[in-house]
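I opened the model today and kept notes on what I looked up. The entries follow in the order I made them.

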Amino acid sequence: MENKYGVLIHGAGWVSTQHLAAFQRHPRSRVVAISSRRLASARKRAEEAGLERVGLYDDLDKALRHEGVDIVSICTPQHVHCENVLAAAAAGKHLVIEKPIGNSLEELRAMQAAVRRAGVKTIVSFVLRWNPLFRTLKRMMRDNAIGDPYYVEADYLHNIGSWWGGFEDGRKKSTGVSAFLLGGCHAIDALRWFACREEFKAAEPVEVFAAAGGYRKGSGRQYDYHTGAWLDGQPPLEYDGLEVALVKFAGGALGKVSVNFDCVMPYKFPVRIFGNLGTIRDNKVWSHKFPEQKGWIKIPSILPDSAEVAHHPFQAQMDSFIECLDRGVESQCNLEDAVKTHEVALAALRCYETRQPVKLPLV
Ligand SMILES: NC(=O)c1ccc[n+]([C@@H]2O[C@H](COP(=O)([O-])OP(=O)(O)OC[C@H]3O[C@@H](n4cnc5c(N)ncnc54)[C@H](OP(=O)(O)O)[C@@H]3O)[C@@H](O)[C@H]2O)c1
């Protein structure tokens with residue numbers, strides 16, 4: 001028997017290409033099966049990756065019974081993540097779960113209960129936690145480069161549109177839910193990450209106040225930032241494309257986070273971290289450690305400024321998960337932790353109804 005974790009990739013779309021490649025490259029894992037809604041998609045994914053002896057399925061329950069599956073990588077659209085997690089956890093599999101992990105508080109709580117019951121390990125694809133710049137910044141914060149963070153800002157500026165294969169599900173209220181949940185959860189997670197100076201920990205959000213707006217909801221006109229073209233007659237967003245939230249963290253730090261699907265510009269993911277001994281603006285640092293500093297020190301690193309999945313550090317994420325499995329420890333980005341990020345997105349939706357700040361954790 002090979003001493004490798006067997007991986008089942010479930011949902012053979014865009015992001016699955018990177019999950020598959022990362023597990024294939026790792027010396028301690030290999031993809032043993034692929035499942036998707038359509039068998040043809042699973043087959044195509046296998047062929048493109050040059051995998052010959054893998055199980056191919058159009059049914060998750062059957063795929064879970066494939067011999068040698070230890071890890072299930074859930075790459076389906078968000079509205080089926082919960083049912084996928086419940087099935088895979090019940091089958092005793094460790095889980096990689098794409099964000100957003102679920103669409104409602106009930107789904108979050110059901111997944112937490114199922115994972116606790118099964119005792120399996122999880123990692124959620126807030127993949128930017130492994131971005132080289134983010135890692136460098138967290139190490140610098142650990143080493144007191146900016147002191148204690150008291151205010152953080154993060155923005156997910158992404159004109160998401162019909163070019164994305166997942167847009168048809170993602171744009172709808174019933175399946176995509178909201179801009180914060182669909183894509184802005186990455187920025188919420190970054191906000192939590194940088195509001196805490198410990199290297200492998202994210203801050204606890206305790207209160208949220210949010211507003212939604214923008215101009216794109218219900219419109220069939222889209223801007224494609226890849227080509228610069230304006231497209232008419234496209235399926236519209238069913239929810240507001242702009243959301244802005246203020247977040248209070250345990251310990252007193254404040255955060256401001258936005259998601260903006262309405263922006264006419266290429267993808268950007270800016271972050272600003274204000275500490276009592278220095279400041280970080282993306283890859284630029286002002287620090288008490290350099291008292292002679294006359295200008296911003298620039299870190300020549302890979303910025304989180306691409307929406308292309310091949311640019312995302314999935315390899316580092318999966319490497320860290322395999323290390324967690326080997327050591328029998330939880331990931332810093334496990335389901336329990338990721339739920340806290342998702343609760344901010346769900347709290348924002350409650351604010352739009354009540355117009356009141358919402359306390360976390362949600363009940
Ligand atoms: N972490 C990140 O940075 C990142 C980046 C991109 C996407 N994502 C997330 O990853 C997930 C997938 O996104 P994507 O871009 O890969 O979307 P995608 O290209 O549309 O792929 C989704 C795949 O899931 C399959 N599928 C749909 N409904 C299914 C069902 N009920 N059962 C089984 N398979 C089903 C589709 O299968 P068929 O082809 O078989 O019909 C499709 O191939 C989303 O949650 C998205 O938000 C995360």
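I began with the ligand. In this predicted model, 23 residues surround the ligand. Gly11, Gly13, Ser36, Ser41 and Gly165 are the closest. I sorted the shell by class and got 8 nonpolar, 11 polar and 4 charged residues.

Next, the domains. The chain is divided in two: domain 1 takes 5-127 + 317-333, and domain 2 takes 128-307 + 341-359. Their centres, taken over C-alpha atoms, are separated by 26 Å. I then looked up the contacts across the boundary. On the domain 1 side 17 residues take part, and on the domain 2 side 18. Helix H5 (105-118) and helix H9 (314-327) each give at least two residues to the side of domain 1 that touches domain 2. By class, that side has 9 nonpolar, 7 polar and 1 charged residues.

Then the core. The largest nonpolar core holds 104 residues. Ile34, Leu95 and Leu191 have the most contacts inside it. Helix H8 (residues 179-194) supplies the largest share, 11 residues.

I followed up on Leu95. Leaving aside neighbours within four places in sequence, I found Leu95 in contact with Val72, Ile74, Val85, Ala88, Ala89, Val120 and Thr122.

Last entry, Ala245. I placed Ala245 in strand S11 (residues 242-249). Why does Ala245 count as buried? It has 26 C-beta neighbours inside 10 Å, and the cut-off for a buried residue is 20 or more. Beyond four places in sequence, Ala245 is in contact with Val208, Phe209, Ala210, Val257, Val344 and Ala348. I also took one distance from Ala245, to Met141. The two are 104 residues apart in sequence and 24 Å apart in space, C-alpha to C-alpha.

Notes: Residues numbered from 1 in each chain as written. Predicted model: local features only at pLDDT ≥ 70, side-chain atom pairs only at ≥ 80, totals over all residues. Core = buried A, V, L, I, M, F, W, Y, C linked by C-beta atoms within 7 Å. Buried ≥ 20, exposed ≤ 12 C-beta atoms within 10 Å, placed from the backbone. Helix = DSSP H or I, 4+ residues; strand = E, 2+ residues; numbered from the N terminus. Contact = placed C-beta atoms within 7 Å. Domains from an automatic or database assignment. Nonpolar A, V, L, I, M, F, W, Y, C, P; charged D, E, K, R; others polar. Near = placed C-beta within 6 Å.
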